[in-house]
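Please inspect the sequence and the structure before working through the solutions.

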Protein chains: 2
Amino acid sequence: MPTVAPQRSRKAQIDRTATAMFRARGFAATSMRELATELGLEAGSLYSHIKSKEEILHRVCFGLAEDFFAGFAAATAQGSAPIATQLRQAIEAHVRVLTRDSAASAVFLHEWRHLSEPARTEFLALRDRYEVAFRALIQRGMAQGELHAPDAVFAALTLLASLNWLPAWYRPDGKLTPDEIAHRLAEQLLSGLRRTEEPV
Amino acid sequence: MPTVAPQRSRKAQIDRTATAMFRARGFAATSMRELATELGLEAGSLYSHIKSKEEILHRVCFGLAEDFFAGFAAATAQGSAPIATQLRQAIEAHVRVLTRDSAASAVFLHEWRHLSEPARTEFLALRDRYEVAFRALIQRGMAQGELHAPDAVFAALTLLASLNWLPAWYRPDGKLTPDEIAHRLAEQLLSGLRRTEEPV
DNA sequence: CCTACCGATCGGTAGG
DNA sequence: CCTACCGATCGGTAGG
C-alpha cells in the first residue's frame, strides 16, 4: 500500500505526456521510446497501461469531441434566449475547452487524420455534426433578424476557423484570461472590421 | 533525344506528388517508398533527382512563402488607395495563392514543423513577417478611420485564421470560383455577423 | 515495470 | 533509373 497516492493514474499521465509530444512533433513522428523516456521508464512498460499508440490518440480526439458538444449544449440550453446571446455563450464555451487544454485541442484539430478506420470516419462525422450545429444557430439568428451574414455556411466556417486558430498562439501565462479572449473573439466576429459602408 | 518532351521535369513531378501525399498523410507518415511507387519507380531512384525527403518539404514551404509575399506586395502597391481596398485586394491575393495549389498550401500551413533547424526558425520568421504586414495594414486603416476593431492583433489573427481554413474545405470543382470565395470571405470578415447593436 | 527480442520498415547510398 | 544493400529505428510482445 503506497504511503502517498499518485496524483493521477499512470495511464492518465501517459495520455498527458503523449498529447504534449503529439502536439509538438506530430503523431507519426513521436516514438513510443521517446514517450517512455519522457516518463522515466522503458518502452515495453508502456504496454501494461495502454494497448497501442493509436489508443491514446483515440482517447484524446473523442474525449475532446465530447467536451465540445457538452459546452455547446449548455450554451444553447436556454432556447428562449436571444440567438446572439446563445451564440456568444457557445463561442465562450468553445474557447473554454480550447484553453483548458490547448495541447489536447491541437491534437484534436490536427492529428485525427492518423486515426485508422473506422474511427477516422466516425470522428469526421462528429466534427461535421458540431459544425452543423453552429451553422444552424447562425441560420436561426438570421431568420429572426438578430444576425446577418452574406452566407450562413461561410459565416460558420469563418467563425470556427477563427476560434480554432487559438491553440496555435494561446499561452496559459499570457496577459489575457480565457474569458477575456473569448469575449474579444466574440466581439470581433460579431462586429466585423468595417466602420462605414463602402462600395462593393 | 526524346520524341516527346516531358510535360514537366521529373523533379517537379516528384515535388507535386510528394506534396499531395504530405497533405493527405502528413510528412512523417509518408515514406519514400510509397512516393516512389506512386511515381512508378524504385525508392533509390528518387535520389538521382532530389537530395533528401526534407528538401522537398523545404522547397514547398519556402516557395509558398514567396508567393504569399508577392501577392501581398502587389495588393498594396498602390499606397494611396483606400486601406479597405488594399485589404480586400490582399485578401483576394491570399485566397488566390491558397486555391491555386491547395495541397501545397496545406503543407505550408501544417507540415513546416518537420523542417529541421535552422530552416524551421527561418520559416517561422517569414510567417511572422507576413502576419505583421497584415496587422500593420489593419492598424493603418484604423488610424485613418476606415476600419474599426476592438483589437488590431485579434483582427489580424481572426482574418488570417479564417482565410487559412480554406484549404481544409476548398474543392477546385466546387460551385464557387476562387474569386467568388475571396469576395465572400472579404465581405464576411469586413462586415461581421451582427445586425443591430446589442448590449455587451 | 524490465530485459530481451520480434519482424517490418525507415531514409539513404554504392555501383552500375 | 535499378539492384542490392546499409545501419537505425519503429510498434509491439513474451516471459518474468
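**Exercise 1.** Is Phe68(A) buried or exposed?

*Solution.* The model is predicted, so local features need pLDDT of at least 70 and side-chain atom pairs pLDDT 80 or more, whereas totals for chains, interfaces and linings use all residues. Residues are numbered from 1 along each chain as its sequence is written, chains are lettered from A and ligands numbered from 1 in the order written, and side-chain values use heavy atoms, without hydrogens and water. Buried means under 20% relative accessible area, exposed over 50%, and partly exposed in between (1.4 Å probe, protein chains only). Phe68(A) has a relative accessible area of 5% and is therefore buried.

**Exercise 2.** Classify the aromatic pair of Phe154(A) and Trp169(B), and state the accessibility of Phe154(A) and of Trp169(B).

*Solution.* Rings of Phe, Tyr and Trp (its six-membered ring) pair if their centres lie within 6.5 Å; planes under 30 degrees apart are stacked, over 60 edge-to-face, and the rest tilted. Phe154(A) and Trp169(B) are 5.6 Å apart centre to centre, with 80° between the planes, and form an edge-to-face pair. Phe154(A) is buried at 4% relative accessibility, while Trp169(B) is partly exposed at 24%.

**Exercise 3.** What rotation superposes chain B on chain A?

*Solution.* Copies are superposed by least squares on the C-alpha atoms of residues with pLDDT of at least 70 in both. A rotation of 180° with 0.0 Å of shift along its axis superposes chain B on chain A, at an RMSD of 0.0 Å. The two copies are therefore related as by a two-fold rotation axis. Of the residues of chain B, Gly192(B) comes closest to this axis, its C-alpha lying at 1.7 Å.
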